[in-house]
Structures are given as C-alpha cells and as structure tokens.
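Please read the following note with the sequence and the model side by side. The points may be taken in order.

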Amino acid sequence: MNYEPVPQLKPCPFCGKTPMMKWSLDKPIIECANRKCEIQPSTFLHVTTDNARKLASIWNKRKEDE
Ligand SMILES: [Zn+2]
C-alpha cells in the first residue's frame, strides 16, 4: 500500500467537518465521517483511482462542482 502524503482535505460541503481518508482494499476513499451529516459524501461511488493525491484533489474540487 502507498501511504504517500496528501494535500489537506477541504471540509465536507454539507456539514463542514474534515473528511477522512481511508483505504478499502488497495483503493483510497475520502468520505465524511460525521454520522450526523445528512449526506456523508464519499468518493467511493464516484472515483476509482489508487492515487491518494489525485483523489484528494478531486475531493477538494467537488465543493465547487456540485
Ligand atoms: Zn459531512
């Protein structure tokens, strides 16, 4: 597994909490870990990359795209 450093993640656009990056098999996933968040967005459904830095940049872009 590749735990390379990643850019700081922007807060969840729905609840403002800092999201968590975790690993599922060999894929990084960024998701909101706040159980009270209505949406709890996750990159799991949208993004399939094994590059944590790329994933982080996709997460950080989401806020403006949606
Ligand atoms: Zn949230």
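The numbered points below proceed from the overall fold to single residues.

1. The model under review is predicted.

2. Burial and contacts across the chain. The protein chain has 66 residues, of which 17% are buried. Among its contacts with a separation of 6 or more, 40% join residues 24 or more positions apart.

3. The nonpolar core. The largest nonpolar core consists of five residues: Ile30, Ala52, Leu55, Ala56 and Trp59. Helix H1, which spans residues 52-65, is the main contributor to this core, supplying four residues.

4. Ala56. Which residues does Ala56 contact, leaving aside its neighbours within four places in sequence? They are Val6, Pro7, Leu9 and Ile30. Ala56 and Ile30 are both members of the largest nonpolar core.

5. Met21. This residue lies in strand S1, which covers residues 20-24. Is Met21 buried, partly exposed or exposed? Met21 is partly exposed, because 17 other C-beta atoms lie within 10 Å, whereas a buried residue needs 20 or more and an exposed one has 12 or fewer.

6. Partners of Met21. When residues up to four places away in sequence are not counted, Met21 touches Val6, Leu9, Pro28, Ile30 and Ala52. Met21 and Ala52 are 31 residues apart along the chain, and their C-alpha atoms are separated by 8.6 Å. Val6, Leu9 and Ile30 are also among the contacts of Ala56.

Definitions and conventions:
Residues are numbered from 1 along each chain as its sequence is written. This is a predicted model: local features need pLDDT of at least 70, side-chain atom pairs count only at pLDDT 80 or more; totals for chains, interfaces and linings use all residues. Two residues are in contact if their C-beta atoms, placed from the backbone, lie within 7 Å. A nonpolar core is a set of buried Ala, Val, Leu, Ile, Met, Phe, Trp, Tyr and Cys residues joined through C-beta atoms within 7 Å. Helices (H or I, at least four residues) and strands (E, at least two) are DSSP runs, numbered from the N terminus.
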